[in-house]
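Please keep the sequence and the coordinates at hand while reading.

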Amino acid sequence: MAEFLLRRLLLAAIVVLTVSFVIFILARLVPTSPALLVLGADAAPAEIAAFEQEHGLDLPIAIQYAHWLRGVVTRFDFGTSYVSGRSVTDEMIRTVPVTFELIIVSMLLCLVIAVPFGVLSAAYPNGPLDHALRIFSVLGVSTPGFWLGLILILVFSVRAHWLPPGDLPPIRDGVLAHVRALVLPAFCLAIYYTAMISRMTRSSVLEVLGQDYVRTAVAMGLSRRRIWLVYILKNAMIPIVSVAAMACGYMFGWAIVIEQVFNLPGICRSLLAAIFSRDYNIVQAAVLVVTIAFVSLNMLADAAFRILNPRVSK
Amino acid sequence: MKRQAIFARLGQYSSGVAGLVLLGAMVLVALLAPFAAPSDPLALDLASKLLPPSSDHLLGTDQAGRDLLSRIIWGARESLLIAFGSVFFGTLFGVSLGLIAGYKQGTVIENVITRVFDLFFSIPMLVLAIALIGIIGTGSISLGPLTIDDQAKLIGLIAFSFTPALGRITYAAALVESRSDYVRAKRSQGASPLELVVLEILPNSIPPVIVQATLFIGVAVIVEASLSFIGLGVQPPTPSWGTMLADARNYIFSGEWWIALFPGLAICLTVVGINLIGDAMRDMLDPRAGVRSGFI
């Protein structure tokens with residue numbers, strides 16, 4: 001286990017450094033200087049030179065990267081935004097919790113729907129719930145979340161006025177308004193993985209149901225409740241835990257689109273805005289945060305699988 | 001066979017056929033776009049902007065008076081071209097690398113290729129793709145005689161993000177096949193490595209790859225639409241389902257529902273068709289695989 005963790009940590013470090021380096025290099029190889037976008041196309045050469053000097057853009061790329069990395073590692077300093085001139089670290093502190101909250105709420109919503117749905121359709125195969133799951137599992141992975149968002153806004157916000165169409169009021173201004181604003185985006189982000197995980201739950205439960213130890217438990221006359229909770233669900237949920245952790249990582253990508261639809265002030269929307277305004281320090285920081293989160297969730301998925309499944313950890 | 005089991009078989013079969021019909025219709029419409037579209041997808045007609053569906057414009061018109069049905073039909077071309085193209089190249093690279101790694105087992109080559117797969121698996125591909133496209137821009141790049149336009153960039157990036165998954169599946173199968181007795185027998189008969197890989201290992205390793213590649217076509221349609229929606233994919237005025245939905249966003253609150261509804265339905269129908277085919281193929285070709293969706 002220790003060796004496994006060490007290997008995964010090493011891979012994680014390589015991934016994080018590679019991704020940040022690739023983004024860094026590419027951003028600086030692009031012919032248009034960010035100075036032109038910030039100062040305007042008709043800026044004087046002297047102004048551009050001053051801007052590039054101020055942000056260290058005139059130094060060799062390797063040195064720029066070393067400076068940036070040192071700032072991040074030693075002082076947790078991601079530099080300043082080219083556009084607003086404010087600290088990128090502050091921007092991250094403001095936006096990261098929004099995206100994390102969105103993803104956690106989405107995953108909870110996903111599991112609350114998917115696990116009972118999958119378990120019940122495996123318990124009553126070919127019943128009405130099982131048929132519903134078959135339809136839902138195809139529709140769910142075929143519906144683009146952002147389009148579902150547009151349609152749900154049309155139905156629940158524009159027509160019915162039940163839920164807000166976007167924006168996220170801070171939680172200190174009222175818990176209810178905050179939660180209501182999260183319902184639609186969380187649902188749209190969750191739908192794909194809900195469909196996927198309910199189907200996985202179903203096949204996982206079906207597989208466990210066919211195992212000898214379940215038959216033994218039934219033959220021993222154990223209570224139905226005990227058989228389901230201790231023998232079936234505990235074992236059937238092992239792969240689901242890992243998949244859920246991985247899905248959280250993948251959600252960061254889709255959150256870019258969902259935060260855009262619902263105008264949520266998260267790190268993913270901030271990344272997209274920064275991409276368009278060539279605010280590279282923000283792009284750099286946001287990609288780093290997302291990559292670290294993704295890599296950690298993948299490690300968590302692997303570790304969970306090994307811990308819960310003693311046969312693999314040997 | 002019990003009656004229920006017969007119905008279940010029939011259900012699987014018919015859902016695969018339904019998928020083929022759906023996707024086939026979409027492909028046909030895309031191929032025949034110049035004849036199938038009732039009007040020019042780019043023709044501006046400000047006098048008839050934002051018209052609801054009617055007999056003149058079956059699916060209504062958008063903010064520039066362009067016929068939505070025609071734009072959806074031409075958009076099918078963009079979507080399907082990019083989806084099929086990216087899965088084609090992703091499969092090509094993934095299968096080649098997977099076969100090489102599986103055949104060269106125990107060598108440095110195997111080690112390097114599988115490590116590279118591991119590395120790319122640990123990268124949030126969608127985020128990286130969005131950042132990359134954002135940085136290099138959506139416009140055309142000229143590299144000598146080669147012009148890389150927005151479509152080619154999308155195909156390249158989506159193909160790239162599919163490669164490791166397809167490569168790993170090929171590798172796992174090729175690993176088993178190249179150790180098998182029939183491959184050893186062929187080798188002892190003097191078959192060259194190329195013959196072994198292409199004629200023996202490839203055909204026997206390919207079924208699970210085909211299943212995953214099919215499901216990836218659906219993922220590619222959604223990824224392309226999402227990228228175009230946020231402005232980093234197909235660029236206007238070229239009609240694509242994603243850019244049409246980006247337009248629709250501005251008319252959600254004023255009640256022009258048809259601009260948002262129909263392009264999304266086109267995406268849904270296409271992807272449902274692809275997924276039904278993929279599921280049916282999995283049941284036929286790779287029944288042990290369990291659930292394998294395009295995880296992205």
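In which helix of chain A does A:R215 lie? In this predicted model, A:R215 belongs to helix α9 of chain A, which covers residues 212-219. A:R215 counts as exposed, because 11 C-beta neighbours are found inside 10 Å.

The overall figures for the chains are set out below.

| Chain | Helices and strands | C-alpha extent along the principal axes | Buried residues |
| chain B | ten helices, two strands | about 75 × 60 × 35 Å | 48% of 296 residues |

Read along the sequence, the pattern of chain A is α-α-α-α-α-α-α-α-α-α-α-α-α, whereas the elements of chain B, taken from the N terminus on, follow the order α-α-α-α-α-β-β-α-α-α-α-α. Among the contacts in chain A between residues at least 6 apart in sequence, 71% join residues at least 24 apart. For chain B, residues 24 or more positions apart account for 72% of the contacts with a separation of 6 or more.

Two packed helices are described by the angle between their axes and the distance between the axes. Helix α6 of chain A, residues 128-142, packs with α10(B) at an angle of about 125°, and their axes are 8 Å apart. This angle makes α6(A) oblique to α10(B), and the crossing in which α6(A) passes α10(B) is right-handed. On the α6(A) side the contact is made by A:V138, A:L139, A:V141 and A:S142, and on the α10(B) side by B:C268, B:V271, B:V272, B:N275 and B:L276. The residues of this helix contact comprise seven nonpolar, two polar and no charged ones.

**Helix α1 of chain A**

Helix α1 of chain A runs over residues 2-29, and its 28 residues should span 40 Å at 1.5 Å a residue, which agrees with the 40 Å between its end C-alpha atoms. Within α1(A), the residues A:V15, A:V19, A:S20, A:I23, A:F24 and A:A27 are buried. What do the buried residues of α1(A) pack against? Their partners come from both chains, with α4 (61-75) and α12 (280-308) of chain A on the one hand and α4 (108-121) and α5 (125-136) of chain B on the other.

**Helix α7 of chain B**

Helix α7 of chain B, residues 181-188, lies largely in the open, because the number of buried residues among its eight is zero. Just after α7(B), B:G190 adopts a positive phi of about 95°.

Terms used: Residues are numbered from 1 along each chain as its sequence is written. Chains are lettered from A and ligands numbered from 1 in the order in which they are written. This is a predicted model: local features need pLDDT of at least 70, side-chain atom pairs count only at pLDDT 80 or more; totals for chains, interfaces and linings use all residues. Helices (H or I, at least four residues) and strands (E, at least two) are DSSP runs, numbered from the N terminus. The expected span of a helix is 1.5 Å times one less than its number of residues. A residue is buried if 20 or more other C-beta atoms lie within 10 Å of its own, exposed if 12 or fewer, and partly exposed in between; C-beta atoms are placed from the backbone. Two residues are in contact if their C-beta atoms, placed from the backbone, lie within 7 Å. Axes are lines fitted to C-alpha atoms, for helices over the stretch in contact, and angles run from 0 to 180 degrees between N-to-C directions. Angles under 35 degrees count as roughly parallel, over 145 as roughly antiparallel, 65 to 115 as roughly perpendicular and the rest as oblique. A crossing is left-handed if the near helix is turned anticlockwise from the far one by less than a right angle, and right-handed if clockwise. Ala, Val, Leu, Ile, Met, Phe, Trp, Tyr, Cys and Pro count as nonpolar, Asp, Glu, Lys and Arg as charged, and the others, Gly among them, as polar.
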